[in-house]
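The sequence and structure are shown first.

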Amino acid sequence: MIEQGTSRESGLQWPPFGRKGRGSALDERTQRFEAMVLPHLDAAYNLARWLLRDEHSAADAVQDAFLRAFRFFDSLEGGEARPWLLTIVRNSCYSLLGKRRQAGEQVEFDEERDSEFAQPSIDGDPEAQLSRKIDSARLDDAIERLPSVYREAIVLRELEDLSYEEIARISNVPIGTVMSRLSRARSMLRERLSRNGEGERA
Amino acid sequence: MSERDDELGSLIREKATRHAAPPHLRARVSGMLSQEGIGLAARPPKPAVRQPEPWRRWFNMAGAFAVGMLLSVTVLLVVRGGAEDGRMAQTIVDAHVRSLLGEHLVDVKSSDRHTVKPWFTGKLDYAPPVIDLAPEIPLVGGRLDYLGQRPVSALIYKLNLHTVNVFVWPANGETSKDVTFYARQGFNVAYWVANGMQFWAVSDANVGELRKVTDRLIAATDHH
């Protein structure tokens, strides 16, 4: 990515505190936005696609997020563009899904949805269970069927390679919650994948 | 992060689909940006760059995050203040705090042990005793937790206004052991072994109150 015009502010933290917009030429602003934020379009779409599990909704959410991001571009001010953008994408996705699943709300246990997965593997030798032969389709399916907060954590951590701290900011929860969500998500995935493996061998 | 997590992580990174934005979306976003740029240029520059709403939103978010961090740090300090001999007690306090602060307290919400007990079946490789202490100490529900590399059952009781988490899993060889109490500034932990199961009860209730719970649980398991 071309870090155009950002070097003088590279020491600033994300999210920024108390910086005023510069109010300089607006086409320069558009150019800076395109240089800094547009390269993260794939990351934005990937998160939206995993959260919404539908390509049309994902495209709508991403477009909405970019519109918001562009309007609120001044709130970035030299911070890390990718987690900043993903925060907005996540909010767009949850707005699309409805108020009921807003940030920070606790996940209710849902027997239908969760019971099949809410069973981390229980034997003493789980290392042996994950086969390298697991194909993409099966892995995608297992991730897709995780409850959304766990799916979100896994996608941000493993596919977008973000730090716990960045994930905590994006998901608007304490770091401890991110860690316990990841741990639980991994248990669910291991369970799902190892059980599938048994099914195939049988 | 364990080796198993590394293994699962690299499997996901290698094989899970990282969805790329379709070309039509890229075109839509670019088109929108140039339109929006013109739209902003047509307006007076001041409102375009100084909107109070996003600022407030960022401040709110930053504030919530700061509070969260402060709580986490406090919890870490509390937990680390303990003595060497109760390392597991720290883990228990950690899990207790996590259940209250972080995610969810109960997976299955029921005061009926005949609902809670079967819920654990198939989720654990042992059958945790689910003991009814109503009406003085009502059962709120059950939860599956993950402690010391294994899934364990957690029963949640209400003792007046205090939440009590009781974790139970098989003991290593021992069949019974008297109660030991650990104090971790603000939290009390009780540990005992009965019928080959180890029990860890934790709460912010004082030792005297927590003892009511442990006495009742021990009396109930003795009758089994």
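Beyond its neighbours within four places in sequence, A:Val62 is in contact with A:Ala44, A:Tyr45, A:Ala48, A:Val89, B:Ala21 and B:Leu25; two residues are in contact if their C-beta atoms, placed from the backbone, lie within 7 Å. The model is predicted: local features need pLDDT of at least 70, side-chain atom pairs count only at pLDDT 80 or more, and totals for chains, interfaces and linings use all residues. Residues are numbered from 1 along each chain as its sequence is written, and chains are lettered from A and ligands numbered from 1 in the order in which they are written.

Two nonpolar cores are tabulated below, each being a set of buried Ala, Val, Leu, Ile, Met, Phe, Trp, Tyr and Cys residues joined through C-beta atoms within 7 Å. A residue is buried if 20 or more other C-beta atoms lie within 10 Å of its own.

| Core | Size | Residues, among them |
|---|---|---|
| Largest | 56 residues | A:Ala44, A:Ala48, A:Val62 and A:Val89 (most contacts inside it) |
| Second, separate | 39 residues | B:Ile92, B:Trp169, B:Tyr191 and B:Val213 |

Chain A has nine helices and zero strands, where helices (H or I, at least four residues) and strands (E, at least two) are DSSP runs, numbered from the N terminus. Of its 202 residues, 42% are buried.

Helix α2 (residues 41–52) of chain A packs against helix α7 (residues 148–159) of chain A at about 155°, with axes 9 Å apart. α2(A) and α7(A) are therefore roughly antiparallel, a term for angles over 145 degrees. Their contact comprises five nonpolar, two polar and two charged residues.

Definitions and conventions
Axes are lines fitted to C-alpha atoms, for helices over the stretch in contact, and angles run from 0 to 180 degrees between N-to-C directions. Angles under 35 degrees count as roughly parallel, over 145 as roughly antiparallel, 65 to 115 as roughly perpendicular and the rest as oblique. Ala, Val, Leu, Ile, Met, Phe, Trp, Tyr, Cys and Pro count as nonpolar, Asp, Glu, Lys and Arg as charged, and the others, Gly among them, as polar. A residue is buried if 20 or more other C-beta atoms lie within 10 Å of its own, exposed if 12 or fewer, and partly exposed in between; C-beta atoms are placed from the backbone.
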